[in-house]
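Let's take a walk through this protein, strand by strand and charge by charge. Have the sequence and the 3D view open as you read.

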Amino acid sequence: MSDELQLPHAARVFVSFVALLRVNGFAVAPEQTTAFLAAIELLGPRSMEAIRLAGLATLAPPPERRATYDRLFDLHFLGSEAIDHAGAQDEEVVRLQEGGRGEDETLLADEANESGLAAARAEALVERRFAPSQTADALRKLSREAPARLPRRRGHRRMRARRGPWADLRRTLRESVRNDGEVLRLGRLKRRARPRKVLLLIDVSGSMKGRTDDNMKLAHALSHAAPNVEVFTFGTRLTRVTRALRLKRREQALSAAAHLVSDWDGGTRIGDALQAFLAVPRFGSYARGAAVVIVSDGLERGDPSALRDAVAKLSRRAWRLSWLTPLATGPGFQPQTEALIAIRRFVDDLVDGGSSAAIVSHVLSLGQRKAA
């Protein structure tokens with residue numbers, strides 16, 4: 001009996017794709033799985049695109065989740081090659097122009113900042129593998145408390161309230177009809193609170209090598225705890241990893257991000273990265289009215305004036321700008337590096353970013369703060 005129920009080896013890869021869709025929140029009935037396998041048998045299939053279209057026709061992903069379906073399909077069937085190609089099509093990777101004098105040679109991956117203790121300017125492109133998490137408590141706290149404690153803004157829509165600046169005439173008239181035309185209480189309205197956008201910029205250069213894994217895991221947890229989170233990495237390139245981190249399973253999300261980002265543990269050009277971020281209108285709009293959090297040690301090897309100008313522009317767009325650095329080891333921290341001294345007057349917070357617990361504590365405290 002068990003031999004009759006066992007799937008053919010060729011069909012297992014397609015059934016496991018359906019299981020992957022279910023894990024990431026897609027509703028797929030058993031009948032749809034059967035129809036998917038029948039469609040593949042009918043088509044041949046002749047190409048990967050034929051399998052993709054068969055899935056769209058039989059598994060029926062919602063139109064608003066088509067991009068997630070395509071991403072999961074590429075991860076399952078095509079691997080890293082498709083992810084790299086998709087990243088190039090989306091124009092979510094911005095390569096920074098070298099502004100030096102041409103004295104720096106491009107480093108090989110195995111030569112680039114092995115210790116992770118020094119900042120470098122040269123670009124080194126590597127692929128990263130994420131180790132098992134050692135910050136589970138901080139991640140659980142972020143996932144549990146973020147929905148209630150992250151900053152909120154007043155929306156344009158109104159809601160009923162005990163006290164408010166506007167009269168709720170519709171509710172007042174309805175209640176007066178029940179009371180023979182007597183107005184016993186004037187209903188009030190107030191503006192509905194909505195979650196504020198959060199923009200997270202993570203330094204993945206060699207000098208931040210010891211913190212990169214935990215910072216990316218924290219970014220994944222934050223992306224699933226709040227609805228309006230944008231995540232970028234920067235080193236010698238600027239890369240948007242928001243869509244990759246929206247995958248539900250952490251291992252798959254970090255694997256997708258690892259293939260998108262190619263400048264892990266490389267050089268440090270923070271000013272050029274932030275200038276590139278502001279130069280792309282779609283990217284720059286993410287910072288408008290947002291709580292912007294930059295996780296970086298601030299060891300800039302480029303011109304500090306470029307960093308200062310970029311942070312000044314970013315602070316004018318943001319609701320609040322926080323710079324979290326591992327160098328800030330206490331409440332009385334005074335910046336010593338030229339770059340951090342240059343940006344100090346433009347940031348609202350310059351605090352400890354040396355541990356996941358410190359970063360989570362600061363992010364959760366943003367809801368109790370006001371823009372300076």
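Predicted model: local features only at pLDDT ≥ 70, side-chain atom pairs only at ≥ 80, totals over all residues.

## Strands, charges and contacts

Zoom out and you get an open sheet of three strands in the order 2-4-3, paired in the antiparallel sense. Strand 2 (152–161) and strand 3 (166–167) are the edge strands, each pairing on one side only.

**A positive patch**

Which residues gather in a patch of positive charge on the surface? They are Arg152, Arg153, Arg157, Arg192, Arg194, Lys197 and Arg288. Strand 2 and strand 4 are the elements that give two or more residues to the patch, and strand 2 gives the most, with three. To pick one member, arginine 194 has its place in strand 4. Arginine 194 counts as partly exposed because its relative accessibility is 41%, which falls between the cut-offs of 20% for buried and 50% for exposed.

Now move along to strand 6 (residues 229–234). Is strand 6 mostly covered or mostly open? It is mostly covered, with six of its six residues buried. Val229, Val231 and Thr233 are on one side, Glu230, Phe232 and Phe234 are on the other, and both faces are covered.

Strand 6 has pairing partners to look at here. Strand 5 (residues 198–203) pairs with strand 6 in the parallel sense over six bridges, and leucine 201 stands opposite phenylalanine 232 of strand 6. Strand 7, by contrast, runs antiparallel to strand 6, with three bridges joining them. Here threonine 233 stands opposite threonine 239 in strand 7. Strand 6 and strand 7 form a hairpin, and two residues lie between them.

Strand 7 (residues 237–240) is covered on both faces too: Arg237 and Thr239 are buried on one side, Leu238 and Arg240 on the other.

**Salt bridges**

Side chains of opposite charge can pair when their charged atoms come close. How many salt bridges does the structure hold? There are 13. Here are some of them, with the N to O distance for each.

| Salt bridge | N to O distance |
|---|---|
| Glutamate 230 – arginine 240 | 2.8 Å |
| Arginine 211 – aspartate 214 | 3.4 Å |
| Aspartate 309 – arginine 308 | 3.7 Å |

Take the salt bridge between glutamate 230 and arginine 240. This pair links distant parts of the chain, 10 residues apart, with glutamate 230 in strand 6 and arginine 240 in strand 7. Glutamate 230 has a relative accessible area of 11%, so it is buried. Arginine 240 is buried as well, because its relative accessibility is 7%.

Arginine 211 and aspartate 214, which meet in a salt bridge, are both buried.

**Contacts across the sequence**

Two last stops bring together residues from separate parts of the sequence. Valine 360 lies in helix 16 (residues 356–365), and it is buried, with a relative accessible area of 2%. How many residues lie between valine 360 and alanine 138 in sequence terms, and what is their distance in space? The two are 222 residues apart in sequence, yet 6.6 Å apart in space, C-alpha to C-alpha.

Leucine 260 is part of helix 11 (residues 250–260). It counts as buried because its relative accessibility is 10%.

Methods
Residues numbered from 1 in each chain as written. Heavy atoms only, no water. Pairing = 2+ DSSP bridges. Helix = DSSP H or I, 4+ residues; strand = E, 2+ residues; numbered from the N terminus. Patch = residues over 30% accessible without salt bridge, like charges linked within 9 Å, V, L, I, M, F, W, Y side chains within 5 Å. Areas by Shrake-Rupley, 256 points an atom, 1.4 Å probe, with all protein chains shown as cover. Salt bridge = Lys/Arg side-chain N within 4 Å of Asp/Glu carboxyl O. Lys, Arg positive; Asp, Glu negative; His and termini not counted. Charge placed at Lys NZ, Arg CZ, Asp CG, Glu CD. Buried < 20%, exposed > 50% of the residue type's maximum accessible area, 1.4 Å probe, protein only.
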